[in-house]
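Thanks for coming. I will take a few minutes to walk through one structure, starting with its aromatic residues and ending with the chain as a whole.

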Amino acid sequence: MEPHGTYRLPHGRLSLLIVTIVTIGHHSGDANAATSCGDTCRAVLAESIPEGMTFGAEFAPNPTTFATWMNMMAAATRSLDIASFYWTLTNEDTGTHEPSAAQGEQILKELMGLPQRGVAVRIAVSRPSKKFPLSDLEALERSGAAVRVVDMPRLTGGVLHTKFWLVDGAHFYVGSANMDWRSLTQVKELGAAVYNCSCLAEDLGKIFEAYWALGVPGATVPVPWPANYSTAFNAETPLALTLNGTRAAVFLSSSPPPLCAAGRTADLAAIIGVIDAAAKFIDVAVMSYLPTTEFSHPERFWPAIDTRLRAAAFERGVTVRLLAGCWRHSRASMFPFLRSLAALADNRTGYTVEVRLFLVPSSAAQARIPYARVNHNKYMVTENVAYIGTSNWSGDYFERTAGSALVVKQMGDGGTVTEQLRGVFERDWSSRYSVDIGDTERWVNVCGSRQP
């Protein structure tokens with residue numbers, strides 16, 4: 001029997017069930033709890049490297065997104081909650097009959113088997129559009145999963161862009177990968193998998209419960225949110241825990257601000273806080289970087305992040321490196337802004353600001369796969385802080401769109417999250433797929449064909 005308040009998806013159409021009041025279940029925690037955690041938590045980066053891309057033998061590969069999700073399903077004994085933008089795990093949307101879709105199809109098959117094992121599966125998904133098929137969600141509902149559609153266009157004017165998994169209130173994944181077969185084999189993705197960390201996982205559960213509550217018909221955004229959605233863990237009072245054997249201070253941020261209950265740091269504030277605290281360097285890898293809005297009408301100038309990066313370089317002498325994604329769907333307007341940022345560097349000023357583009361190569365067959373072959377990462381690392389998010393860096397993602405991020409302050413040797421993330425950035429920055437923004441001839445014919 002399915003929980004009340006879910007959306008069902010019979011025969012490809014949405015129908016409503018009875019609505020009941022939603023309260024937080026086993027994921028809830030006391031917002032006034034101590035800001036420390038007795039769990040011995042473990043975190044590893046999870047990556048998807050597009051087929052055909054290789055790095056040097058000196059770079060040890062991180063666990064794949066596919067292996068990470070499979071491991072999380074294998075570990076699930078009670079519950080799996082997934083916050084997602086859309087679902088295309090079966091290749092129905094592309095019509096390419098691409099063999100690399102097999103990993104996505106296996107993930108879907110394993111997900112459909114969880115309810116038979118007694119695992120309660122809940123999926124919060126953004127309101128489907130004509131562009132995204134419903135077959136995956138319909139199949140999951142038939143298997144016993146509960147699905148709720150969050151009508152973000154009505155609630156905030158954005159979408160549910162978050163991408164995370166939460167298993168048994170103890171393990172979770174958060175990162176750039178959508179529930180899309182291409183995110184496993186044809187798009188470059190990065191996320192963090194955190195294991196045996198119930199204190200932090202329960203806090204992420206509060207973000208999921210907010211989506212779940214907003215997925216009932218006629219839901220409105222509470223002002224304020226009820227107290228059981230609030231958190232004690234934020235930028236000012238992070239959760240103290242042992243992560244990979246080293247002390248760390250950690251919190252989860254969320255966007256947009258109306259979806260942040262009391263105590264929750266907004267995602268934009270988290271990014272700005274990390275930038276402002278950097279003393280030596282700031283390395284950013286993000287698919288889309290625009291000091292504007294992208295989806296509002298009219299579009300607006302939005303320099304919140306760009307201004308802080310420039311201030312870091314100008315006022316504190318911080319080295320800034322930005323690695324942006326580059327594909328045919330990039331906005332043409334992004335590149336003048338990237339050049340402008342790079343122009344801060346000058347032999348006479350001494351500012352160190354570098355901007356490069358990351359190009360994922362494609363074979364003729366790969367080039368025919370729609371919306372693939374791009375660096376979809378959304379992270380930042382400084383000398384002691386790692387930020388791993390789900391949002392592109394333009395205004396709409398922080399003002400109207402639901403996203404989330406993991407922020408870890410950690411210093412030490414031997415496998416810290418910041419060290420892991422720094423290693424990924426250095427590998428990509430120095431790779432043959434990275435092109436200086438000033439080397440226009442190498443990228444102009446592959447990037448930015450989409451006009452504003």
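Which residues form one aromatic cluster here? They are F164, F208, Y211 and W212. Before going further, please keep in mind that this is a predicted model.

Let me stay with the aromatic residues. The structure holds 17 aromatic pairs. A pair of aromatic rings is described by two things, the distance of the centres and the angle of the planes. Take F85 and Y86: the ring centres are 5.3 Å apart and the planes stand at 75°. Edge-to-face means an angle over 60 degrees, so this pair is edge-to-face. Y86 has a relative accessible area of 11%. The cut-off for buried is under 20%, so Y86 counts as buried.

Now a pair with another geometry. F425 and W429 are stacked, with 5.5 Å from centre to centre and 20° between the planes. Where do F425 and W429 lie? Both sit in helix α12, which covers residues 417–429. They are four residues apart, about one turn of the helix. F425 and W429 are both buried.

R321 is found in strand β15, residues 319–326. Is R321 buried or exposed? Its relative accessibility is 12%, and with buried set at under 20%, R321 therefore counts as buried.

Now the chain as a whole. The protein chain has 13 helices and 20 strands. Its C-alpha atoms fill a box of roughly 70 × 50 × 45 Å along the principal axes. A compact globule of 452 residues would have a radius of gyration near 22 Å, and the protein chain has 21 Å, so the two agree. Of the 452 residues, 58% count as buried. Among contacts with a separation of 6 or more, 79% are between residues 24 or more positions apart.

Last, surface and charge. The protein chain exposes about 17,600 Å², and carbon and sulfur atoms supply 55% of that. There are 40 positive and 42 negative charges, and their mean positions are 3 Å apart.

That is the end of my part.

Methods: Residues numbered from 1 in each chain as written. Predicted model: local features only at pLDDT ≥ 70, side-chain atom pairs only at ≥ 80, totals over all residues. Heavy atoms only, no water. Helix = DSSP H or I, 4+ residues; strand = E, 2+ residues; numbered from the N terminus. Rg over C-alpha atoms; globule rule 2.2 N^0.38 Å. Buried < 20%, exposed > 50% of the residue type's maximum accessible area, 1.4 Å probe, protein only. Contact = heavy atoms within 4.5 Å. Areas by Shrake-Rupley, 256 points an atom, 1.4 Å probe, with all protein chains shown as cover. Lys, Arg positive; Asp, Glu negative; His and termini not counted. Charge placed at Lys NZ, Arg CZ, Asp CG, Glu CD. Phe/Tyr/Trp six-rings, centres within 6.5 Å; stacked < 30°, edge-to-face > 60°.
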